[in-house]
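Let's take a guided walk through a model together.

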Amino acid sequence: MKVGIPRALLYYWYGPAWKAFLSAAGLEPVVSPPTNKAIMTAGLKAAVDEICLPVKVFIGHCLELQKNCDAVLVPRLTSVARKEYTCPKFMGLPDMIRRLLPRTPVIIWESAGSFLPERIWTPQGSGMIFEREFLTLAGRDEVVHGDANGNNHGVIRGDGVIRRRGVVRWSGRMKKPLAAARKAHAVYTGLLRRGYLPEEAMALFDGQQGRPAGLRQRTNPQTASQDLPDAAGRVNPERHREKLDRVNPEKHGEKPDRVDTLGHRAKPGRVIGLVGHPYCLYDSFVNTGIIRFLQEEGCRLLTPEMLPEDEIATALKGLPKAIYWTMGRVALGASRLFRTHACGQAGVDGLIHVAAFACGPEALIGEVIKRECSREIPYLQIYLDEHTGEAGLHTRLEAFLDLAGGKERAGCV
Amino acid sequence: MRLTFPRMGQIDIPVQTLFTELGHQVVPPPPVTKRTFDLGVKYAPEFACLPFKITLANYIEAIEKGAEAVVTFGGAGPCRFGYFAQVQKRILHDLGYDFELLLLDPPGAETRELLRALRFLLGKNLKEPGRIWRAIRLAWAKAVFLDRANRLYRRLLPRVAQKKAAEMEYRKFLRVMAAENDLHRLELVYTALAHNLENLARLETGRVLRVKIVGEIYMILESGVNFHTENILGQMGVEVARSVSMTHWVEANLLKALFPEHRRRTELLSIPYLTSFVGGHGRETIAETVDAGTNRVDGVVQILPFTCMPELVAQSILPDLSRRFNLPVLSLVLDEHSGAAGVTTRLEAFVDLLRQKREKDEAKAGV
């Protein structure tokens with residue numbers, strides 16, 4: 001049975017985990033193609049006018065998937081960290097989607113407090129089917145709520161999960177897929193932290209030999225496999241050190257061999273920090289290929305996904321009130337780290353904030369980032385909507401790069 | 001220290017009473033005017049919602065009038081309201097406005113901040129718990145009577161012939177209510193209003209059209225930003241029903257442990273369409289629309305500020321409800337670019353549609 005995964009929203013964080021989960025559950029995951037004109041147009045038509053572009057794109061991907069899938073996985077990531085939320089729109093996502101897909105069942109991956117699901121279920125008509133039915137979908141017919149010795153682990157609630165002392169326990173059959181998801185996520189995040197962009201990391205993760213179009217060879221194929229974390233999700237510390245040094249070649253004393261993250265020669269110096277929600281940064285159709293453009297201009301890019309969680313937390317200490325949107329918190333923390341030091345680098349030459357037009361949290365967090373950056377480093381705020389044109393955006397980026405480069409020429413960095 | 005607070009409908013009356021009774025000087029922000037809009041738009045981030053912009057301007061105008069501290073509520077998400085105060089403080093600080101922020105966050109989020117604000121607000125009275133209790137009781141009684149009067153006014157306005165006279169009566173009531181500080185006389189003030197409104201000449205009409213207003217609480221209650229939608233509808237002879245109000249908000253949010261029925265009602269009504277909480281009043285919007293559909297309300301007007309996240313979720317689902325209950329729904333997305341004429345025209349067209357629909361339905365029922 002084919003289950004579709006929309007290549008939109010937090011797919012760029014959790015895509016590999018979802019894929020691993022579905023495969024381990026005996027289903028066939030199908031990821032929608034990268035966003036294209038047809039997908040976007042379908043989403044625009046089906047969605048409410050005022051909603052942000054990423055959600056419209058997500059709807060487009062779901063509509064695309066229903067054509068050749070038996071079900072679509074729609075995440076309801078209420079929160080992916082304790083005391084934090086993602087976005088109210090993410091919480092209403094399954095309800096927005098299921099009315100648009102009358103014939104295809106929607107499998108809801110419901111998370112609260114961690115990206116791992118609290119329950120997985122699917123609403124059908126007025127009734128709801130739960131874990132039992134999900135496993136039936138996966139080609140299994142029974143759910144065992146006990147251990148191997150036949151001991152019952154607790155009361156089975158209507159939603160199929162066993163709760164005891166507030167801890168969610170899954171029945172035995174769900175344990176394997178969940179473990180697979182957890183492991184895939186650890187490996188994938190490890191790759192992101194090591195400086196791979198999601199597209200590259202996913203390709204590496206899937207073991208694909210061919211590089212995705214538009215990305216140039218940046219790692220030696222022989223050493224690439226060493227970059228992969230081991231089974232426990234640990235990365236090779238030697239390689240990690242090497243990688244950080246590559247970002248900060250001055251440490252070696254000798255004349256640095258300036259090689260940017262792409263592996264081709266860069267004009268010396270311009271390190272650009274990109275902050276924003278992952279679906280704004282990495283969906284190259286929506287943002288008209290900002291990443292590729294900057295790479296071709298010879299910039300080295302730093303993105304929030306390359307930063308370890310604890311450094312972000314440290315950077316945000318002393319905030320009068322903790323930010324309760326995960327992506328907003330990561331963006332502000334990353335912007336602070338990029339300004340001062342990150343990946344062994346003494347501050348970026350410029351910071352670009354990419355946000356979706358009418359994005360709720362970014363309206364406030366963007367304002368804070370803007371106020372913190374102003375008068376410190378060159379800062380560009382880009383709002384994406386369905387009318388964003390490549391020419392206009394690239395002109396702005398070029399002008400910005402001149403500004404960021406000018407700063408270096410003046411010897412400020 | 002002179003206190004101020006954000007404006008939301010008639011909330012200034014009970015809040016001012018509460019703080020005055022606790023022995024503070026209060027500088028309420030002036031009513032929303034063109035200048036309020038201009039200030040908010042000028043200094044707030046472009047995509048912040050209208051409530052953010054207007055409350056920011058409220059603070060500026062109040063500080064200009066001499067306020068030294070701002071008392072406001074916080075929250076723990078996911079609606080942006082919970083983070084308003086921090087960003088607004090930063091913006092105002094950069095503009096050179098100096099003030100003390102007293103943030104009433106829900107316990108658990110920023111408990112220390114909450115305690116600091118409470119200690120300041122109650123400070124002098126901690127030795128006199130009776131005084132605190134009296135202040136709260138008086139403010140709460142005022143809020144209850146204000147909500148009751150508002151409900152009465154909304155019901156009678158479409159039915160009376162002299163709408164202007166009714167409006168004058170209501171305004172007078174608000175003035176007297178703001179000034180009255182005797183708990184036992186509040187009911188008299190209310191009865192006087194009821195008496196005066198009931199005595200106005202009635203129009204000879206058939207069944208009055210009923211429209212329910214749902215949506216984001218600030219935009220519904222603050223008539224300065226929704227272009228007096230309720231009043232416009234009332235003048236057109238439409239009765240406006242709504243469930244959100246000051247007292248409802250306090251019961252459903254601050255005292256939710258004491259009033260679990262609000263939450264239960266919302267969940268029960270909304271769950272077939274919206275299976276989870278989405279922040280703000282998104283779920284309430286769905287629940288109240290279901291309620292409107294099952295209780296023969298003629299139409300629903302959803303009021304939301306542009307870029308409001310929870311309401312957008314609700315707006316995405318409302319077409320289904322509209323079809324299911326054969327219930328016309330008008331979504332009014334408002335921001336600083338909306339104009340009174342535009343809103344009035346849309347409301348007029350909507351009411352025309354409702355009238356025609358009812359005639360058609362009645363003709364069908366007659367056959």
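Of the contacts in chain B with a separation of 6 or more, what percentage comes from residues 24 or more positions apart? Such residues account for 74% of those contacts, where two residues are in contact if their C-beta atoms, placed from the backbone, lie within 7 Å. Before going on, note that this is a predicted model, in which local features need pLDDT of at least 70 and side-chain atom pairs count only at pLDDT 80 or more, while totals for chains, interfaces and linings use all residues. Residues are numbered from 1 along each chain as its sequence is written, and chains are lettered from A and ligands numbered from 1 in the order in which they are written.

Let's stay with chain B for its overall form. Its C-alpha atoms fill a box of roughly 70 × 45 × 40 Å along the principal axes. The radius of gyration of chain B, 21 Å, agrees with the value near 21 Å for a compact globule of 367 residues; this radius is taken over C-alpha atoms, and the globule rule is 2.2 Å times the number of residues to the power 0.38. Chain B has 15 helices and 8 strands. These are DSSP runs numbered from the N terminus, with helices being H or I of at least four residues and strands E of at least two. Of the 367 residues in chain B, 47% are buried. A residue is buried if 20 or more other C-beta atoms lie within 10 Å of its own, exposed if 12 or fewer, and partly exposed in between, with C-beta atoms placed from the backbone.

Helix α3 (residues 50–64) of chain B has 15 residues and reaches 21 Å from its first C-alpha to its last, close to the 21 Å expected at 1.5 Å a residue; the expected span is 1.5 Å times one less than the number of residues. In α3(B), 14 of the 15 residues are buried, and the helix is followed by B:G66, with a positive phi near 115°. The other spot is B:T307, in the loop between β7 (299–305) and α14 (309–325) of chain B. Most residues other than glycine have a negative phi. Phi of B:T307, however, is positive, near 70°. B:T307 counts as buried because it has 24 C-beta neighbours inside 10 Å.

Now turn to chain A, which is divided into domain 1 (2–141 + 170–183) and domain 2 (249–409). Their contact takes 22 residues from domain 1 of chain A and 21 residues from domain 2 of chain A. On the domain 1 side, α3(A) gives the most, with 3 residues, and by class that side has 16 nonpolar, 3 polar and 3 charged residues.

Where do the two chains meet? 31 residues of chain A are in contact with 36 residues of chain B. The largest share of the chain A side, 8 residues, comes from α14(A).

Finally, look inside. The largest nonpolar core has 213 residues, and those with the most contacts inside it are A:V72 and A:I107; such a core is a set of buried Ala, Val, Leu, Ile, Met, Phe, Trp, Tyr and Cys residues joined through C-beta atoms within 7 Å. Beyond its neighbours within four places in sequence, A:V72 is in contact with residues including A:G4, A:L101 and A:I107. In strand β4 (residues 106–111) of chain A you will find A:W109, which is buried, with 24 other C-beta atoms within 10 Å.

Conventions. Domain bounds come from an automatic or database domain assignment. Ala, Val, Leu, Ile, Met, Phe, Trp, Tyr, Cys and Pro count as nonpolar, Asp, Glu, Lys and Arg as charged, and the others, Gly among them, as polar.
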